[in-house]
Amino acid sequence: MFIDFHTHGKLAKQLPFSTEYTDWLMKEAKQAGLDAICLTEHFNTLQFDEVYGYLMQVCDRDGDLLVTKDGLRIFAGMETDIAESGHILTIGTPEDILELNTRLEPYKKKGNFLPFEKLMDFFDEYPVIVGAGHPYREGGHIPDLPMDQLKRLDFLDLNGKDVALERAYFEEKTGELAKLLNIPMVSGSDTHQAVQYGCVNTNFYHEFNTVEQLHEEMKAGNYEIVVSPNAAFQVKTATLLKKALKEIYALGGDYVSILTGR
């Protein structure tokens, strides 16, 4: 069961939500060989609630999973900024993620982000699993947090963008921190567009359909991380594509119709 732990359903936070673009992303994820994704959309993205409202409307339900018509399984999630600088990934049921996002409304602007400890207090009220996204990316300070607070995490994200940049360094540093905290290291592409799917993924040996089962399989180590030999090319191409699509939008063009051919 191939899972990407870090994905997005929009091209960029401040762009309007497009059902056609999200449909295209989900279809492309399945065609890239993924069985499931964790949709860790930015917590302060424009129309966060509409993204999940749409998916809950058009997808089937299997346990905690949303399932597209093409069979892609979606674990709901979000990516939250912290005051110390860094990104925290949360995975739960769609209902819990939507409720958490609503409660975090006062903390969505830079300067109002919650400190890690207080954010974790929020998450402790829900049956969610929580990880550190790309903990060693430049500009972040997650490894500098107090050890007693870091041990509240459930996993670390070996991020596709970082692996493409310098695989040995990020694998070593993220792996060392995971071992120190005694928590799993899994992988996510961090993609906002389809080209990046599959640059890294996490291959689980068993199938499951609940967040609790996902967590148990992670803790048991019943998976392996798979890095594409083309990861660097995929990430570079995806970065250029994102820049071009945003420029098309800024000039008044319809980037969605260009991608989908509609």
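This report covers the strands, nonpolar cores, aromatic pairs, pockets and cavity of a predicted model.

## Basis

The model is predicted, so local features need pLDDT of at least 70 and side-chain atom pairs count only at pLDDT 80 or more, while totals for chains, interfaces and linings use all residues. Residues are numbered from 1 along each chain as its sequence is written, and side-chain values use heavy atoms, with hydrogens and water left out.

Helices (H or I, at least four residues) and strands (E, at least two) are DSSP runs, numbered from the N terminus. Two strands pair if DSSP finds at least two bridges between them. Strand β1 (residues 2-7) pairs with β2 in the parallel sense over 3 bridges, and with β10 in the antiparallel sense over 2 bridges. Isoleucine 3 stands opposite alanine 36 in β2, and threonine 202 is the bridge partner of isoleucine 3 in β10.

A residue is buried under 20% relative accessible area, exposed over 50% and partly exposed in between (1.4 Å probe, protein chains only). In β1, 5 of the 6 residues are buried, so the strand is largely enclosed by the rest of the structure. For strand β2 (residues 36-42) the count is 7 of the 7 residues, so β2 is also largely enclosed by the rest of the structure. In a regular strand the side chains alternate between the two faces of the sheet. Both faces of β2 are covered: one side carries Ala36, Cys38, Thr40 and His42, the other Ile37, Leu39 and Glu41, and all are buried.

## Nonpolar cores

A nonpolar core is a set of buried Ala, Val, Leu, Ile, Met, Phe, Trp, Tyr and Cys residues joined through side-chain atoms within 4.5 Å. The largest has 64 residues, and those with the most contacts inside it are Ile37, Leu55, Ile74, Met78, Ile88, Phe123 and Leu153. A second, separate core has 19 residues, including Leu65, Phe75, Ile129 and Met218.

Leucine 158 is found in strand β8 (residues 155-159) and counts as buried at 1% relative accessibility. Leucine 158 and alanine 250 are 92 residues apart in sequence, and their C-alpha atoms are 32 Å apart in space.

## Aromatic pairs

Rings of Phe, Tyr and Trp (its six-membered ring) pair if their centres lie within 6.5 Å; planes under 30 degrees apart count as stacked, over 60 as edge-to-face and the rest as tilted. The structure holds 13 such pairs. In one of them, the rings of phenylalanine 204 and tyrosine 223 have centres 5.3 Å apart and planes at 45 degrees, so the pair is tilted. The pair links distant parts of the chain, with phenylalanine 204 in strand β10 (residues 200-204) and tyrosine 223 in strand β11 (residues 223-227), 19 residues apart.

Both phenylalanine 204 and tyrosine 223 are buried. They belong to one aromatic cluster formed by Phe5, Phe75, Phe155, Phe204, Phe208 and Tyr223.

## Pockets

On a 1 Å grid over the protein atoms alone, a cavity is a set of points where a 1.4 Å probe fits but cannot get out, and a pocket is an open set with protein on both sides within 12 Å along at least five of seven lines; lining residues have an atom within 4 Å of a point. Grid points are joined across faces, edges and corners, and a volume is the space filled by probe spheres set on the points. For residue classes, Ala, Val, Leu, Ile, Met, Phe, Trp, Tyr, Cys and Pro count as nonpolar, Asp, Glu, Lys and Arg as charged, and the others, Gly among them, as polar.

The largest pocket holds about 340 Å³ of space. Its lining has 15 residues, of which Asp23, Trp24, Lys27, Lys69 and Asp70 lie nearest the centre. By class, this lining divides into 6 nonpolar, 3 polar and 6 charged residues. Both α1 (19-31) and α2 (48-58) supply at least two lining residues, and α1 gives the most, with 6 residues. Lysine 69 lies in the loop between β4 (65-67) and β5 (73-81) and is exposed, with a relative accessible area of 82%. The second largest pocket has a volume of about 160 Å³, and its lining has 2 nonpolar, 4 polar and 4 charged residues.

## Cavity

The count comes to 1 cavity of 30 Å³ or more. The largest cavity has a volume of about 30 Å³ and is lined by Gly9, Lys10, Leu11, Pro16, Phe17, Ser18, Tyr21, Thr22 and Tyr255. This lining divides into 5 nonpolar, 3 polar and 1 charged.
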